[in-house]
Amino acid sequence: MKNIIITAISFATLFNFSSCTKDFDNINTDPNRLERVTPGSLVTPTVYGMATYFTVRSYDFTWQIMQVGLPNPSAANGVHRYEVNETAGNGTWNNAYQYLRNVREMEQTAVENEQPVYQAIANTLKVYIAGILTDSFGDVPFSEALLAEDGITSPRFDEQEQIYHNFVDLLEQANQIYTQDGEMTGNDLLYANNKGLWRKFNNSLLLRVLLRASKRPEFNSYERIQTMLNNPTDYPIFENNEEAAFVTINGNSPYDYAWGRRQDYVNFEAMSEFFVDILNDLEDPRRPLFMTQASRLVDGQIQPIGYKGIPSAHSGDESQFDFSPSTPNGNLMVYTELGTEIIEVIMSYAEVEFIKAEVALHFGDLEAAKIAYEQGVTAAITQWKDGAIAADYFENEHAKFNGTLEQIMNQKYLALFFNDYQQWFEYRRTGFPVLPKTEYMWHDGVMPTRFMYHIDVRRFNPENYQEAVERIGGDNVLTKVWWEK
């Protein structure tokens, strides 16, 4: 029996992917289970595993580097001061390849069982997972990864440009397969075996891939996206929050919340001044959903003072703050009563609308850009439990559409809250939002643009590692990946 390992595994295992030893296999074989894995059985472990891991990474990494939240107290260093060490990406590397192994297994068994729909799902999930991987590191093993059983134990690193071309091909192929006959039969936590929604996710992901490469003129991104948008029959995409790639979980085993304890999410964390101030300017209804109110001690009494954060990358002296800042609202992610549903974001409908807004703006269609912008904002607010938008929201001078890319991207920044590393990726693509800098930041205030390769790559795959390092311009956190240049 081929065992699908859902817990974290080492880099060496990820690249060798050797069969389990006989003893291990015997110990872990359930005599009551089928001897062969079905492709549908791999969908939910992959979706839940990736979504949950990157929900935590949003909190641990993206919040800090994108000035959403920061550890409190924070005396020195830390990601919010742009300290990204050489092991910061190890978990991303391990988990991405771990779940890509699941996807490869799904693809193989789909062929064996003559279930092409799972070939399509494998393509979609492959691009989703490998997209995070390559956007985090740049050139990575892709075409030769996971082929130890075929004798390739030291895979070469594919150039990111070629990986992106492969992404487009995989998603285009999947878009066609989804139209074929054939039903889904497995456990599907994401879409409950709705093939049509998987197709919409696939094509919405294609929009993301194309837009990510928009700075590369040879990719012709805006024109290709517009062609898709002009052909909704051939390229159906998300049309509302109900169709978005949200993983709904209720905290009951085996679908536990990302945090086992509420205090691990809410304690020792402050919301960042930059993030809170944007929401305050907008008088945004997400404030009570995302955070608590700040407070100050007055005459021995704790008094709320509204929503207020502390600056990211501050001096480290907490005595400068005469108030207790807003902290994360635990009800967003970790309910005290198990059974209450929350969402983990893979890809939102709001992101699709902001893509449409940017493309319309690029072509000078301000009316279409305004419509998409407002639909994106509305979707981003209402996707959260109890989220509702006021009728006069867009009368606020900060919310009223002004026809600039900066405004679209500022709202997209809010919409990408808790969406793996997407805020970081989009900042690197566009430079928005404009984040405050302080003298306490590393690298003279220049934001890191990638993770360094997994430390074990240097030991187990040195020749291909060195070739990739020379090609990308150095294995350091300030090297720009292909689509940023």
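Which residues does aspartate 234 touch, not counting residues up to four places away in sequence? Asn175, Arg199 and Asn203, where contact means heavy atoms within 4.5 Å. Before I go on, a word on what we're looking at. This is a predicted model, with local features needing pLDDT of at least 70, side-chain atom pairs counting only at pLDDT 80 or more, and totals for chains, interfaces and linings using all residues. Residues are numbered from 1 along each chain as its sequence is written, and side-chain values use heavy atoms, with hydrogens and water left out.

Back to aspartate 234, then. You'll find it in the loop between α8 (221–229) and β2; helices (H or I, at least four residues) and strands (E, at least two) are DSSP runs, numbered from the N terminus. Aspartate 234 has 42% relative accessibility, so we call it partly exposed. For that label, buried is under 20% relative accessible area, exposed is over 50%, and partly exposed is in between, with a 1.4 Å probe and protein chains only.

Now the whole protein. We have 17 helices and six strands. The radius of gyration is 23 Å, close to the 23 Å from the globule rule for 485 residues, so the protein is as compact as a globular protein of that length. That radius is taken over C-alpha atoms, and the rule is 2.2 Å times the number of residues to the power 0.38. Buried residues make up 57% of the 485. And of the contacts with a separation of 6 or more, 76% are between residues 24 or more positions apart.

On to the inside. The largest nonpolar core has 152 residues, and the members touching the most others are Trp198, Phe201, Tyr265, Phe275, Trp384, Phe418 and Tyr453. Helix α5 (residues 116–137) gives the largest share of this core, 13 residues. By nonpolar core I mean a set of buried Ala, Val, Leu, Ile, Met, Phe, Trp, Tyr and Cys residues joined through side-chain atoms within 4.5 Å. Take phenylalanine 275: leaving out residues up to four places away in sequence, its contacts include Gln67, Val68, Phe290 and Tyr413.

What about the strands? β2 (residues 245–249) and β6 run antiparallel, joined by five bridges; strands pair if DSSP finds at least two bridges between them. Isoleucine 249 has isoleucine 342 in β6 as its bridge partner. As for cover, six of the six residues of β6 (residues 342–347) are buried.

Helix α13 (residues 366–382) is worth a stop too. Its buried residues, among them Tyr373, Val377 and Ile381, pack against α12 (349–362) and α14 (405–415).

Proline 73 is in the loop between β1 (69–71) and α4 (90–112), and proline 254 in the loop between β2 and α9 (262–266).

Then two aspartates with positive phi, though neither is a glycine: aspartate 420 at about 40° and aspartate 444 at about 55°. Are they buried or exposed? Aspartate 420 is buried, at 2% relative accessible area, whereas aspartate 444 is exposed, at 80%.
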